[in-house]
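Let's work through a few exercises together. Keep the sequence and the 3D view open while you read.

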Amino acid sequence: MGTHMGIDGTRVHEELVMAIRHSGRVVSRLASATYRRVGARGSALAAATAAAALVLSACGGSGAGGGNTATGDIKLGISVPLSGAVGSSCSPMNQAMLAWFKHVNATGGINGHQIKVDNRDDGYDAARSVTNTKAFIAEHVVAVTGQCGSLQPPAQLPLLNAAKIPFMYVFGASTSLLKPLSPMYFNLMPTYGSQLVDEIPWVFKAHGPGTVALMDTVTPDSPTTAKQVEAAVKAAGGTFVGDYKAPPGTADFAPDVLKIKQKHPDYVVLDQIPQDAARFTQAMTDNGFAPNKFLVGSSAVSQQTFLNGVSSALQPKLLVSSDTIAPAGAGTTQCESVLKAANVKVEDVTLRGCGTAQVVEKVLRTAKQPISSQGVVAAMESMSGVKASEIYPPVSFSATNHVGVSSLYVFGVKNGAFYQVGSIGG
Amino acid sequence: MGLAISVIVSGIAFGLLIGMLAFILVFLYKTTGVANFAVGNIGMFETFIVYELWKNGMGLWPAAGVGLVCSAVFGVLIYQLVLRPFGGNQANTLVRTVALFLLLAAMADVFFGQDQPYHFPSLLPTGGTKVGGVLLRWSDLITVGIVLVIVTGFVAMFRWTRLGLQFLAVAQRPETARLLGVRAQRLSTIAYMLAGCLALLIGLLLAPKQLLFSQMMNPILLFAFAAAVVGGFTSLGGTFVGGIIIGVVTDLVTTYVGSDLTLASALAIMLLTLAVRPNGLFGTAQVRRL
């Protein structure tokens, strides 16, 4: 293999230079910039950088979607936080999804085809989720599902849109992915903002209007949610007293609690990740503060892991919305028996995982054979009022609506567990 | 004004916990010559052990007592099995502490992490008393007492006991100390035994406020390093002053400016201290003869 002399005197293999020249302007510019900057010892690094760019650009844009593998298996990709700030909340959900898919495979698969899941940890990190997504695209998965979190989906979706692979049923709030509508993005759960917008009038109707303070975890969606909540409070006859923000993993919530305490609000609305919400409520207890009426939350905090961190004094003041049934209502479901057989604890987040997997199964069974990404999208967009899961209300999608659930359950707390006190919509 | 005073009081309480973690960092630095990145997670892991004992039926105080004994042994094991073998220079040991930090977090996730975070009961009484409209929590007042006892005890040890003198000798002149008959490795073992116990104490004080989970100490660790720099890496008492400064300033910034700048304000204080007093507020310059 011959070598070329680079601009700065470095030597580069001839074939690599040819590949770089033919691969496109971006890669060439990257390679040129790298050549200009590095010295002789950096030539290997420069070559590796250019080669990596080649590989990455190849992975990003085939645009053909995925289909069954050569053996007829249906390949799904799951990138999910199994570690990191929300790992403890998302990992059980993931285990439940895998348990249901294993059950489907054990009972004959989808029309005789087995579901194969490439399950990867992204640690609640957008960059890692992108790496995982590129791998899924290279593997030609039929769909990507099972994501949990708000930080990762905005990074993953552009790749999946370009590859025409559906991104199904994220447990997280990403308003920016729904407006404008993304062709490949389908969600079961309404965004946390829209849940709170629907919940606030319900709470005011049941318990009277009042003053409302909002406690936020800073995420890409939190400014939008804050505006939605403020508008909903005012429209329902209440008074919005402030939006208080804290980054994920905040060490000390005492300053925020003390600020909110000064306002003596009737309601405190929680728009936080579960661990931060639990620690925030702990700081409330430590500082002798509780809202006059209720703590209001969305499905982000309708989890036992959150409830376990809330003091017994505050638990009766909790009202949360959820798009899935409470564990107390799951006694006769197949999900409960499958989860128990797989030694997965039956709780809110695992029922959500199992229910989500049931909806995925329904879509795969409905899609035209042989299963393809386009077929999965078409199957979803034709679903109207379908009871696809024991855990979710009936789901409906269309070409212009990619949020499947339109009604919510409202939970209170009794004896340390969530139970249904009402419903919204439906 | 009431809000400002409440925030300052809260900041002092938070700062004392930061200061305790910084104290262990400085103590290990003074006695072994290496700042240990893993001290926070050592405390976290030990607290999980106490939690498991309590969850399985042991009373909280007996579980804490057993945990204290286990922590002393754990500290010794960490030094003997992770930090001491194969020699190596300070950089090598520092990297090992980073690896230990990551390993302990991963192990906590594997063994204990299924349903975290956990509500951890407090060893200290809850509630408090109001003084001029400001709530003073009993737990915070007792923490102040604990801190005073620890600082007094350690300062006395370093100043007036043979053991303390040997610690200082090994930290400043390890080779000379060895030549004079000081058993450096024995001293380092004792240092880690004490550090293990102190780390558990921090975990037991912090877990009721922060909830018990594998990353419980991460937000505090950075503040603790800042507190150690501000107080001076050679001053044990300075760590608590540094912690209080960091705690109060960050809480005031959170309250009146915004939480976006909380961490930045701690780092700004650290940089300012390094610029104005490179050895920290109470540190002394380290002089080396070439």
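**Exercise 1.** How many salt bridges are there between chain A and chain B?

*Solution.* Start with the rule: a salt bridge is a side-chain nitrogen of Lys or Arg within 4 Å of a carboxyl oxygen of Asp or Glu. Applied between chain A and chain B, the count is zero.

Before going on, a word on the ground rules. This is a predicted model, where local features need pLDDT of at least 70 and side-chain atom pairs count only at pLDDT 80 or more, while totals for chains, interfaces and linings use all residues. Residues are numbered from 1 along each chain as its sequence is written, chains are lettered from A and ligands numbered from 1 in the order in which they are written, and side-chain values use heavy atoms, leaving out hydrogens and water.

**Exercise 2.** Describe the interface of chain A and chain B.

*Solution.* Step one is to count residues: 31 from chain A and 27 from chain B take part in the contact (heavy atoms within 4.5 Å).

Step two is the area. The two chains bury about 2400 Å² between them, with 53% of it on carbon and sulfur atoms; buried area is the accessible area (1.4 Å probe) that two parts lose on being put together, summed over both. A:Ala251, A:Arg279 and A:Asp286 supply 20% of the area that chain A buries against chain B, more than any other three residues.

Step three is to ask which elements take part. In chain A, α4 (87-106), β9 (239-246), α9 (254-263) and α10 (274-286) each supply at least two residues of the side that touches chain B. Helices (H or I, at least four residues) and strands (E, at least two) are DSSP runs, numbered from the N terminus. The largest share, six residues, comes from α9(A).

**Exercise 3.** Which strands of chain A stand at the edges of the seven-stranded sheet?

*Solution.* The order is β9-β8-β10-β11-β12-β13-β14 (chain A), with mixed pairing. Reading off its ends gives β9 and β14 (417-424) of chain A, each pairing on one side only.

Technical notes: Two strands pair if DSSP finds at least two bridges between them.
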